[in-house]
Amino acid sequence: MNKNNIIIIVAIILIVAAFAVFGSNTTVQIIILLAALLALLYTRRSTMYFARANKAYTAKKGDCIQLYNKAVNAGLAYKYLVIAGTILIKEGAVESGKNALYKIINDRHFKDSTIISQAKIALSMGYYQEQDYAKAASICEEVMNTDYRDKNLYINLSTYLLALCRLDDFYSLVDEFSSKSRLETPALADLQVTRCILQGDFIKAYQMLTSFMKQYTFNFADPYVHFAQVYMHYGEAGKAAEILRECLAKVLFEPIYIIPKDVIRLLIEKLSDPAAAAAVMAANNADPLALINGHMPQPYSGEITFASFSEIEDALKAEETEKRRQKSLIERAHSTDLTDEDEQWLKKHQDN
């Protein structure tokens, strides 16, 4: 049981005792009530530290890690402890974050399956940060064996499956969350693009990214890098470098991010060098999973050929033509104007 809950119970007992046992002794009652009040105020320390930590974290000012650790050590309520543990891991204080989350998971008396599942999903990120991808995946798979589902579970497990090169399992997971429209988020949308790239469907990947870039605000690097991968598939080094520069301008990088800033900078450098661009694009085409997992692809020494970007342009033109055809069919179906054929039919039947 949370130590603050124990203190609250003791405080309540003191208050009851003040009136039940010392009903005629006002001085003792006041002393006991003050002691109970101080005990209750003591239990509020964790919440106050937590509020200050959230303010520092949001404003990016002050030492939020120290404040979150104080909140955890002061007996923070479990529903807030999940948040504190998650942020500690995201901010690079991995061991502190893991310890906070294990307080929930290892509490045999705590039975809230939702909070326990959320704690496990957050805990998995700590093992991912330590590059123990198998452990991270196994923790999320424990949750997948329950009825609990949320976007963080799908995002985290997808990340670990990609890191482990378990592509068939990744495709199955994408199929599952893609069928749940209520789980549509920028990260899940980008994971659908990731599947297209890995399966070689660059036309669909381009179409999806073009749509998603208008629909969502991405505060992480992955979709920009994936867009660059599409352009690299077609040998468009300039366009790939341009989208990566946009990434550096818009994204605030955090320790937990998959694709680090240094990799993006190195990629821009190579794409901007006419002597190196073709080789790095060919290396990406040979192993797109490397960049997806945040690593530069291994040097490529084979024959270098690229598909023509015109196939995307042709696909977009064909799609637009089909849209116009469908629109025309709908308009004709709802039209009340008489055509020449209609008028001839009416004239024939009126004569009869």
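Ala, Val, Leu, Ile, Met, Phe, Trp, Tyr, Cys and Pro count here as nonpolar, Asp, Glu, Lys and Arg as charged, and the others, Gly among them, as polar. By that scheme, the lining of the largest pocket in this predicted model divides into 19 nonpolar, ten polar and seven charged residues.

**The largest pocket**

The largest pocket holds about 990 Å³ of space. Its lining is made up of 36 residues, and those nearest the centre are Lys90, Met125, Asn152, Ile155 and Asn156. Two or more lining residues come from each of the elements α5 (78-90), α7, α9 (151-163), α11 and α13 (222-233). The largest contribution is that of α9, which supplies seven residues.

**Salt bridges**

Side chains of opposite charge can pair when their charged atoms come close. Across the whole structure, a search finds eight salt bridges.

| Pair | N to O distance |
|---|---|
| Lys98 and Glu130 | 3.1 Å |
| Glu142 and Lys120 | 3.3 Å |
| Arg195 and Asp175 | 2.3 Å |

Lys98 and Glu130 form a salt bridge. This pair links distant parts of the chain, 32 residues apart: Lys98 lies in helix α6 (residues 94-105), while Glu130 sits in the loop between α7 (113-129) and α8 (133-144). Lys98 counts as buried because its relative accessibility is 7%, under the 20% limit. Glu130, with a relative accessible area of 39%, is partly exposed.

The side chains of Glu142 and Lys120 also meet in a salt bridge. Here the partners are 22 residues apart and both belong to helices, Glu142 to α8 and Lys120 to α7. Glu142 is partly exposed at 41% relative accessible area. Lys120 has a relative accessibility of 21% and therefore counts as partly exposed, since buried means under 20%.

Arg195 is buried, its relative accessible area being 18%, whereas Asp175 is partly exposed at 45%.

Beyond these pairs, salt bridges join Glu141, Arg166 and Asp169 in a network.

Key: Residues numbered from 1 in each chain as written. Predicted model: local features only at pLDDT ≥ 70, side-chain atom pairs only at ≥ 80, totals over all residues. Heavy atoms only, no water. Salt bridge = Lys/Arg side-chain N within 4 Å of Asp/Glu carboxyl O. Helix = DSSP H or I, 4+ residues; strand = E, 2+ residues; numbered from the N terminus. Buried < 20%, exposed > 50% of the residue type's maximum accessible area, 1.4 Å probe, protein only. 1 Å grid on protein atoms, 1.4 Å probe; cavity = no way out; pocket = protein on both sides within 12 Å on 5 of 7 lines; lining within 4 Å. Points joined across faces, edges and corners; volume = space filled by probe spheres on them.
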